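Please examine the sequence and the model below before reading on. The paragraphs that follow lead through its helix contacts, its domains, the surroundings of its ligand and some details of its backbone.

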Amino acid sequence: MAKGKRVRGRHAPQDCRPESLVSTFGYSPQLSEGALVPPIFLSSTFVFRTAEDGERAFRAAYHLKGPKPRTPSLIYTRLNNPNLEILEDRLVLFEPGAERCAVFSSGMAAITTSILSLLEKGGVVAYSTPVYGGTDFLFNHFLPKFGIRTVPFRAGSDATQILALLEREVGPAGGDAMIFLETPANPTCVLTDIGAARSAIDRFSRGRKHTVYLGVDNTFLGPMWQHPAQLGADLVIYSATKFIGGHSDVLAGAVLGSRKLIEDRIKVGRTIFGTIPSPFDGYLLLRSLDTLQMRMTAQLKSAESVARWLSRQDEVTEVLYPGLLPKGTLQRKIYDRQCLQPGSMISFYLKGGKPAAFRFLNHLRLAKLAVSLGSTTTLAEHPASMTHSDLDPTERNELGIDDRMVRLSIGTEHCLDIIADLKQALRQT
Ligand SMILES: Cc1ncc(COP(=O)(O)O)c(C=O)c1O
């Protein structure tokens with residue numbers, strides 16, 4: 001049987017970089033017939049040695065009083081499973097500042113479970129806009145049904161603005177709250193200062209009973225290029241469907257944070273909501289993690305070239321990419337403070353409006369016209385009519401998600417082939 005914590009510290013050289021540890025960390029081959037790669041543990045339930053062991057295991061799982069097992073035991077796959085435990089331990093390697101991880105059946109499952117596990121009726125979620133369309137839908141249409149109020153604020157707001165928002169919206173409500181940031185924002189790539197949000201929360205919380213959590217959706221830059229827990233986030237949230245999975249063949253999510261929040265709160269919610277992924281998806285993600293650093297580095301290098309090339313094209317009026325932020329601007333200062341690299345998501349506006357955007361998308365040959373992002377295949381989409389089509393049209397335009405915009409996720413194809421494809425499609429606009 002495989003179990004991360006038993007081997008940690010004994011075999012794992014802690015001073016190695018994550019990519020050096022990731023393919024072996026948290027798993028002991030001796031416990032699985034010597035298999036180098038963890039087998040897929042499809043079993044939905046796990047046999048207790050004795051009834052006493054079973055009782056102790058449940059006490060630990062449900063945080064009940066009385067003696068607990070010395071090492072956490074496996075019970076039932078809706079609570080946990082060896083493949084998922086190994087995956088969680090390996091994801092922690094990539095997230096400095098986080099102690100634990102919980103994986104989910106999708107990014108939306110990760111966001112929903114985290115919020116419903118931490119907030120109650122009367123709670124407030126204040127979120128930066130824009131956010132991914134599904135997240136926006138959850139905040140506008142579902143959370144209010146559970147008595148959780150949701151308040152949008154502009155991505156890029158500073159500490160003073162966030163503090164004023166907390167005083168106005170959370171102060172009188174009296175309940176716990178969450179500041180939810182998506183940075184860079186999907187699809188505009190606007191950055192919000194994670195450290196500034198942390199300091200606003202700390203100032204607001206002085207002498208108050210409220211707990212205000214800081215959750216950061218780090219999907220766009222992924223675990224390689226931004227480390228929100230180090231910058232003060234309580235929760236780092238991923239759609240693992242994107243860069244972590246990386247091959248457009250698995251839907252998953254992940255949340256990282258302190259042992260207390262992940263183990264005592266969010267995993268309890270996950271057990272009851274049943275939002276854990278399958279062992280097979282855990283296996284796929286473990287396989288993907290081995291190449292995370294290589295894939296994301298290759299995607300980054302191509303994206304930098306593509307963004308620079310796009311910014312020189314006559315058909316393109318503006319390119320939104322963190323790597324092109326002009327020196328001296330506020331956005332660039334945030335970038336320098338919190339991002340390690342600009343990533344591989346690019347949005348741009350076409351001179352010819354929606355007809356040009358559609359012509360461009362319809363003429364792509366190598367890149368595929370599909371939503372989602374972060375995979376080895378270059379993907380292109382039209383946010384206004386696809387991923388963000390549910391947003392109020394006036395608000396959407398104000399946020400810059402208008403008909404002229406195309407979003408690109410750069411894959412691992414040869415950079416010159418990507419540029420050649422974009423060039424021939426641009427010439428059709
Ligand atoms: C930034 C961001 N967060 C969350 C999600 C939701 O993830 P999933 O589709 O895995 O549920 C997405 C999906 O595109 C996203 O782009």
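This is a predicted model: local features need pLDDT of at least 70, side-chain atom pairs count only at pLDDT 80 or more; totals for chains, interfaces and linings use all residues.

Helix α7 passes α8 in a right-handed crossing. The axes of α7, which spans residues 159–170, and α8 lie 8 Å apart and form an angle of about 40 degrees. On the α7 side, the contact is made by A159, I162, L163, L166 and E167. On the α8 side, A196, A197, S199, A200, R203 and F204 take part. Sorted by class, the contact of α7 with α8 comprises 8 nonpolar, 1 polar and 2 charged residues.

The protein chain is divided into domain 1, residues 81–289, and domain 2, residues 292–426. Taken over C-alpha atoms, the centres of domain 1 and domain 2 are separated by 24 Å. Across the boundary, 32 residues of domain 1 are in contact with 35 residues of domain 2. On the side of domain 1 that touches domain 2, the elements giving two or more residues are α6 (133–142), α8 (194–205), α9 (222–225) and α11 (279–289). Of these, α9 gives the most, with 4 residues. By class, this side of domain 1 holds 17 nonpolar, 12 polar and 3 charged residues.

Which residues are the closest to the ligand? The ligand is surrounded by 16 residues, and the closest are S106, G107, Y132, S239 and T241. The elements that give two or more residues to this shell are α5 (107–118) and α6. The shell around the ligand is made up of 4 nonpolar, 10 polar and 2 charged residues.

Helix α5, which contributes to the ligand shell, also packs against helix α10, residues 259–273, with the two axes 8 Å apart and at an angle of about 115 degrees. That angle makes α5 roughly perpendicular to α10. The crossing of α5 past α10 is right-handed. From α5, the residues in the contact are T113, S114, L116, S117 and L118. From α10, they are R265, I266, V268, G269, R270 and F273. The contact of α5 with α10 divides into 5 nonpolar, 4 polar and 2 charged residues.

A further helix pair is formed by α12, residues 292–310, and α16, residues 415–426. Their axes are 9 Å apart, and the angle between them is about 30 degrees. Helix α12 is thus made roughly parallel to α16. Helix α12 passes α16 in a right-handed crossing. In this contact, S302, S305, V306 and W309 of α12 meet C415, I418, I419 and L422 of α16. The residues of the contact of α12 with α16 comprise 6 nonpolar, 2 polar and no charged.

The backbone also deserves attention. Most residues other than glycine have a negative phi, and most peptide bonds are trans. P184 is found in the loop between β4 (177–182) and α8. The peptide bond from N186 to P187 is likewise cis, with omega near 10 degrees. P187 also lies in the loop between β4 and α8. E33 belongs to the loop between α2 (18–21) and α3 (51–61).

Definitions and conventions: Residues are numbered from 1 along each chain as its sequence is written. Domain bounds come from an automatic or database domain assignment. Two residues are in contact if their C-beta atoms, placed from the backbone, lie within 7 Å. Ala, Val, Leu, Ile, Met, Phe, Trp, Tyr, Cys and Pro count as nonpolar, Asp, Glu, Lys and Arg as charged, and the others, Gly among them, as polar. Axes are lines fitted to C-alpha atoms, for helices over the stretch in contact, and angles run from 0 to 180 degrees between N-to-C directions. A crossing is left-handed if the near helix is turned anticlockwise from the far one by less than a right angle, and right-handed if clockwise. A residue is near a molecule or strand if its C-beta atom, placed from the backbone, lies within 6 Å of it. Angles under 35 degrees count as roughly parallel, over 145 as roughly antiparallel, 65 to 115 as roughly perpendicular and the rest as oblique.
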